Amino acid sequence: MSTVKEQLITNLIAEDKISQRKITVVGTGAVGMACAISVLLKDLADELALVDVEENRLKGETMDLQHGSLFFNTSKIVSGQDYKITANSKLVIVTAGARQQKGESRLALVQRNVNIMKTIIPAIVHNSPDCKLLIVSNPVDILTYVVWKISGLPATRVIGSGCNLDSARFRYLVGEKLGVHPTSCHGWIIGEHGDSSVPLWSGVNVAGVALKTLNPNLGSDSDKEQWNNVHRQVVESAYEIIKLKGYTSWAIGLSVADLSGSILKNLRRVHPVSTMVKGLYGVKEEIFLSVPCVLGRNGISDIVKVNLNPEEEALFKKSAKTLWDVQKDLTF
């Protein structure tokens, strides 16, 4: 007797099961799931794969997303602990990593996350040798360098989410101060995704009007309007959010979806993301920091050569030294 499906449907050709825009998210914690839902709601993938070491949470998050399939256009959501599930990914978003424990030094946290990357990255690259890797785990700049070394991929295909979020926070806060939507407030933060990030006050503008032409002291300690508080808020915002809710998630998820869209749709938009900066602005070591980069289907295709003033260049070098002082002692 024929099944309901056989009576209902006549098959004409074999289904093409190879995905064209597959995205994998490694890690299904708060950040990983924020990335996943943001990617789904932007219709960036025709297949989404989730990977995590915690089996029950992985199954639960997968089912929860699958049950929402009616409301987005990604036809296939899969998950597993075996990295075979990630095969043929165009983009792999890495959010897995350990959280800092009470009394744990930054270097110790970095080393723990380096060890995690050593177990994750070879399996990803084995199953998706042509993928782009988008690193979100913190400290993102150092871990992007580590992943580049472990993966053997070109630096252009190993991208740190970097200061894309810092710059978004910066533009939001500038907009709040001016009463203008963030999309119309243009400004960049480069360097470390963290305490030593560098705001480029010289480039902050609305409709092409540089704010520094209106207030030459913009961002300096002698600025009576105290615009430097905007950058201070950017640096402190993650700590504040973690203090209030325990972690950050939504803004970084949206930021990652923004980067993913530029890569998968070959948009060639410019983003401040973490990439190899050896040879730029006097940096002599193999360090990954955020600078404005053109993102497309091949990853980072170009770097925009921003003319930094002497103060900005000094701060960028200081940011590089901050990372190098941690990075040089890592073992992997």
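N113 touches G97, A98, N138 and L143, where contact means heavy atoms within 4.5 Å and residues up to four places away in sequence are not counted. This is a predicted model, in which local features need pLDDT of at least 70, side-chain atom pairs count only at pLDDT 80 or more, and totals for chains, interfaces and linings use all residues. Residues are numbered from 1 along each chain as its sequence is written, and side-chain values use heavy atoms, with hydrogens and water left out.

- N113 sits in helix α4 (residues 106-127). Helices (H or I, at least four residues) and strands (E, at least two) are DSSP runs, numbered from the N terminus.
- N113 is buried, at a relative accessible area of 0%. Buried means under 20% relative accessible area, exposed means over 50%, and partly exposed lies in between (1.4 Å probe, protein chains only).
- N138, one of the contacts of N113, is joined to P139 by a cis peptide bond with omega near -5°.
- P139 belongs to the loop between β5 (132-135) and α5 (140-151).

**K22 in strand β1**

- K22 lies in strand β1 (residues 22-26). K22 is buried, with a relative accessible area of 4%.
- Its contacts, leaving out residues up to four places away in sequence, include D46, E47, I85, T86 and L91.
- The side chain of K22 reaches the backbone oxygen of I85 at 2.7 Å. A polar contact is a pair of N or O atoms within 3.5 Å; within protein, one must be able to donate a hydrogen and the other to accept it, and residues adjacent in sequence count only if both atoms are side-chain atoms.
- K22 and V92 are 70 residues apart along the chain, and their C-alpha atoms are separated by 8.7 Å.

**Nonpolar cores**

- The largest nonpolar core has 74 residues. Such a core is a set of buried Ala, Val, Leu, Ile, Met, Phe, Trp, Tyr and Cys residues joined through side-chain atoms within 4.5 Å.
- I23, L48, I93, I121, I124, L133 and F316 touch the most other members of this core.
- Beyond four places away in sequence, the contacts of I23 include V39, L44, L48, I93 and L264.
- Apart from this core lies another, of 13 residues, among them F170, V204, L218 and W227.

**Strand β13 and its partners**

- Nine of the nine residues of β13 (residues 288-296) are buried, so this strand is largely enclosed by the rest of the structure.
- β13 pairs with β12 (residues 269-276) in the antiparallel sense over eight bridges. Two strands pair if DSSP finds at least two bridges between them.
- In this pairing, S274 stands opposite S290 in β13.
- β14 (residues 299-303) runs antiparallel to β13, joined by four bridges. C293 stands opposite I303 in β14.
- β13 and β14 form a hairpin, with two residues between them.

**A three-stranded sheet**

- An open sheet has the order β7-β10-β11, with antiparallel pairing.
- β7 (185-186) and β11 (209-210) are at the edges with a single partner strand each, so one side of each has no neighbour in the sheet.
- β10 (residues 205-206) pairs with β11 over two bridges. The bridge partner of V206 in β11 is V209.

**Positive phi angles**

- Most residues other than glycine have a negative phi, and most peptide bonds are trans.
- Q226 is not a glycine, but has a positive phi of about 55°. Q226 lies in the loop between α7 (211-214) and α8 (228-245), and is partly exposed at 46% relative accessibility.
- N266 is not a glycine either, and has a positive phi of about 50°. N266 lies in the loop between α9 (250-264) and β12, and is partly exposed at 27% relative accessibility.
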